[in-house]
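Visitor: I have a structure open and would like to go through it piece by piece. Can you take my questions as they come?

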Amino acid sequence: MGELVGNKHVEYVLSVERRKDDFHSVLMEHLRVNGAYWGLGTLDLLGKLDTVDTEDVVSWIMKCQHKSGGFGGNIGHDPHLLYTLSAVQVLALFDMLDVLDIDKVTSYVTSLQKEDGSFSGDIWGEVDSRFSYIAICCLSILRRLDSMDVEKAVKYVVSCKTMDGGFGCTPGGESHASQIFCCVGALAITGSLHHIDKDILGWWLCERQVKSGGLNGRPEKLPDVCYSWWVLSSLVMIDRVHWIDKEKLIKYILDCQDTEKGGISDRPDDAVDVYHTYFGVAGLSLLEYPGVKAIDPAYALPVNVVNRIFFGRCST
Ligand SMILES: [Zn+2]
């Protein structure tokens, strides 16, 4: 089996992040606040977050904030819950949550909660259980979960449960691994995992592992490195991770590395990107691969960052 080429991945992420300075580059439009989270998250898991300038990142992130309190994908873009969570996660990585006007961010997030407890992603109103996770995760990191109607939020997530034990994007929707991560994560953060039938869901999730060792997101689909995160984190949260073949999954993720230029792709020999690099490394973290920091399966942040948020800065 190959090895994790961590230093190459660091080089790859730094080469992508550096181009972020060029805000006018249409080519780099895709690298928004969530791209920064994936890249910087990779660096942190590999113990190399100190290779980037904190002030540069924080000042750019804060320029992406809209007057409503929400964050856009880049400077001048419309705010959306997705980017708001990524911005909060990036600030958490750098222990810079203090720069936020927490009341403002909180009021943006809570303004998107509907009467039935669900959340829309932005003012245009598309409702999706993913946004419930994002709102819950975001306010939990800001320690303002009590500002939303948690009971109703949980009730809505539970209403998205499917016959196979999974979760869909709205009530009556079809199970999908990334949606399951969001719903299980939302229930984990709110202490509501008792709503899940862990054996039924665990079975559906472990059936996502295909012959090559990789995981797919739904039955009959091709494996993809990012599901190493969505499926595995869910299995960890419901305590069923021992139901998959860990060694085979490690091999699959390592086979998706570009061992020359760094970065990880969705499938072996495809083009690499920051998203799959982050979730590949995050998957290896859940598989306790040596040299990768431990990641929290619900918050998708390194465990030491989550501990710092909830238990304060440690002095060592
Ligand atoms: Zn993918």
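Guide: What follows is a walk through a predicted model, topic by topic.

Visitor: Are Asp 224 and His 276 buried or exposed?

Guide: Both Asp 224 and His 276 are buried.

Visitor: Cysteines next. How many disulfides are there?

Guide: Zero, in a search of the whole structure. For Cys 182, the nearest cysteine sulfur is that of Cys 183, 6.6 Å away. Cys 182 counts as buried because its relative accessibility is 7%.

Visitor: How many of the residues of H8 are buried?

Guide: Twelve of the 13, so H8 is largely enclosed by the rest of the structure. Among them are Ile 180, Phe 181, Cys 182, Cys 183, Val 184 and Leu 187.

Visitor: Which helices do they pack against?

Guide: The buried residues of H8 pack against H6, H7, H9 and H10. After H8 comes Gly 191, with a positive phi near 65°.

Visitor: What about H4, how many of its residues are buried?

Guide: Twelve of the 13 residues of H4, so this helix too is largely enclosed by the rest of the structure. The buried set includes Leu 81, Tyr 83, Leu 85, Val 88, Gln 89 and Leu 93.

Visitor: What are the neighbours of H4?

Guide: Its buried residues pack against helix H2 (33–45), helix H3 (54–63), H5, H6 and helix H13 (303–311). As for length, H4 takes in residues 81–93 and should span 18 Å at 1.5 Å a residue, which agrees with the 18 Å between its end C-alpha atoms.

Visitor: What comes just after H4?

Guide: Asp 95, with a positive phi of about 55°. Most residues other than glycine have a negative phi.

Visitor: Which other residues have a positive phi without being glycine?

Guide: They include Arg 143, with phi about 60°, and Glu 220, with phi near 75°. Arg 143 lies in the loop between helix H6 (129–141) and helix H7 (150–159). Glu 220 is found in the loop between helix H9 (198–206) and helix H10 (227–237).

Visitor: Is Glu 220 buried or exposed?

Guide: Exposed, because its relative accessibility is 82%.

Visitor: Changing topic: where is His 9?

Guide: His 9 is in helix H1 (residues 6–18). His 9 is buried, with a relative accessible area of 0%.

Visitor: What does the side chain of His 9 reach?

Guide: The backbone nitrogen of Gly 263, at 2.8 Å. Leaving aside residues up to four places away in sequence, His 9 touches Leu 4, Leu 46, Gln 257, Gly 262, Gly 263, Ile 264 and Thr 277.

Visitor: Last one, Gln 113. Where does Gln 113 lie?

Guide: In the loop between helix H5 (102–110) and H6. Gln 113 is buried at a relative accessible area of 18%, where the cut-off for buried is under 20%.

Visitor: What does Gln 113 reach and touch?

Guide: The side chain of Gln 113 comes to 3.2 Å from the backbone oxygen of Gly 117. Not counting residues up to four places away in sequence, Gln 113 touches Ser 118, Phe 119, Met 148, Asp 149 and Ala 153.

Key
Residues numbered from 1 in each chain as written. Predicted model: local features only at pLDDT ≥ 70, side-chain atom pairs only at ≥ 80, totals over all residues. Heavy atoms only, no water. Helix = DSSP H or I, 4+ residues; strand = E, 2+ residues; numbered from the N terminus. Buried < 20%, exposed > 50% of the residue type's maximum accessible area, 1.4 Å probe, protein only. Polar contact = N/O pair within 3.5 Å; in protein donor to acceptor, adjacent residues only side chain to side chain. Contact = heavy atoms within 4.5 Å. Expected span 1.5 Å × (residues − 1). Disulfide = S-S within 2.5 Å.
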